[in-house]
Amino acid sequence: MKYRSIVFLAAGLMLLLTGCGQTESRQTAESAAAGDTAEEATAQQEGAADGQDAAQEDPGQTPEASDSVTEGTEEYRGFILDNVLHSENDGDIHYNLYVPDSYDGSRPYALFFTLPGYEGLYFQGVGENLYSETFGFTAQEYDPEMIIVAPQLSDWGETSADQTIALAEYFLASYNIDEDHVYAEGYSGGGETMSRVMGKRPDLFTAYLHCSSQWDGAYEPVAASRTPVYLVVGESDEYYGSGPSEEAYRNLYDLYRQEGLSDVEIGELLVLDIKDADYFESRGVTVQHGGGNLFAEDEEIMGWLFAR
């Protein structure tokens with residue numbers, strides 16, 4: 001009996017050691033696989049990946065564990081195309097991303113969101129927003145150390161607004177962002193989407209540029225947060241006209257007056273800029289709605305945004 005017990009004990013010990021060895025081997029293999037994946041991600045988007053690693057060292061800058069990103073592999077004028085944020089709550093969110101080469105996560109950078117019109121939505125094709133609009137490129141002239149996000153959403157409704165909010169929250173959590181310099185611009189349908197975002201989470205942004213569009217979101221949160229808004233449109237915009245922008249201005253203006261702000265104080269927070277036909281024709285453009293892309297080249301307009 002004593003001999004048999006010793007045999008059983010030895011056999012059990014061997015099984016235990018074998019199991020431990022298999023676990024260690026499996027863990028080693030999984031670690032190596034994870035290392036390979038990290039190296040591939042770094043090769044695709046080195047600057048952004050470095051910034052994410054640096055931000056995640058701070059427990060207060062950690063994104064939702066359930067959200068992950070598939071990085072794009074194509075590049076256009078410094079933008080990595082068709083990155084996808086897989087959001088547990090808001091689905092797959094496609095965006096193009098510019099991260100300056102100088103960004104390493106060691107210090108905060110400004111952040112700019114540019115939302116396109118209908119021609120730049122995702123179903124039109126990857127990168128179409130960058131091919132058709134220049135806001136994401138001219139913005140770099142105002143701050144070369146600014147991360148630029150150019151989402152390609154699917155519409156201009158509540159779903160796209162919620163996805164924009166989720167994407168903004170992701171960048172604020174995952175990158176080292178200067179929260180006093182977070183800007184947004186929306187053109188045409190992108191303006192409709194961004195107005196909804198502003199009606200829900202104006203606190204995410206320092207200032208907003210609303211181009212050739214209409215306001216679909218709430219006004220009260222914008223007035224309460226006192227987030228500066230610049231509304232610009234052609235007086236004879238073929239799609240919207242100038243009426244919706246004038247109405248948005250009046251609604252925000254009245255809210256500020258109810259709060260006791262003077263006209264001077266309101267002027268620091270709210271601008272209505274209606275461009276006449278000469279503004280477009282003098283620049284060789286006869287279609288005012290499509291000519292809204294000229295606003296990206298206008299130093300007065302873009303300068304106002306990035307001076308906030």
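Guide: Side chains of opposite charge can pair when their charged atoms come close. Here the side chains of Arg226 and Glu259 meet in a salt bridge, at 3.3 Å from N to O, where the term stands for a side-chain nitrogen of Lys or Arg within 4 Å of a carboxyl oxygen of Asp or Glu. Arg226 lies in the loop between α7 and β9 (229-234) and Glu259 in the loop between α8 (243-258) and α9 (263-269), so the pair ties together parts that are 33 residues apart in sequence. Helices (H or I, at least four residues) and strands (E, at least two) are DSSP runs, numbered from the N terminus.

Visitor: What kind of model is this, and how are residues numbered?

Guide: This is a predicted model, in which local features need pLDDT of at least 70 and side-chain atom pairs count only at pLDDT 80 or more, while totals for chains, interfaces and linings use all residues. Residues are numbered from 1 along each chain as its sequence is written, and side-chain values use heavy atoms, with hydrogens and water left out.

Visitor: Which residues are linked in a network of salt bridges?

Guide: The network links Glu158, Asp162, Arg196, Lys200 and Asp216. Within it, Glu158 pairs with Lys200, their closest N and O atoms being 2.5 Å apart; because Glu158 lies in helix α5 (residues 158-174) and Lys200 in helix α6 (residues 189-200), this pair ties together parts that are 42 residues apart in sequence. Asp216 forms a salt bridge with Arg196, with the closest N and O atoms 4.0 Å apart.

Visitor: Is Leu270 buried or exposed?

Guide: Buried means under 20% relative accessible area, exposed over 50%, and partly exposed in between, with a 1.4 Å probe and protein chains only. Leu270, in strand β10 (residues 270-275), is buried, with a relative accessible area of 4%. Leaving aside neighbours within four places in sequence, Leu270 is in contact (heavy atoms within 4.5 Å) with Val229, Leu231, Tyr249, Leu252 and Tyr253. Leu270 and Val229 are 41 residues apart in sequence, and their C-alpha atoms are 5.1 Å apart in space.

Visitor: Where does Tyr118 lie, and how does its accessibility count?

Guide: Tyr118 lies in the loop between β5 (109-115) and α3 (128-132), and at 47% relative accessibility Tyr118 counts as partly exposed.
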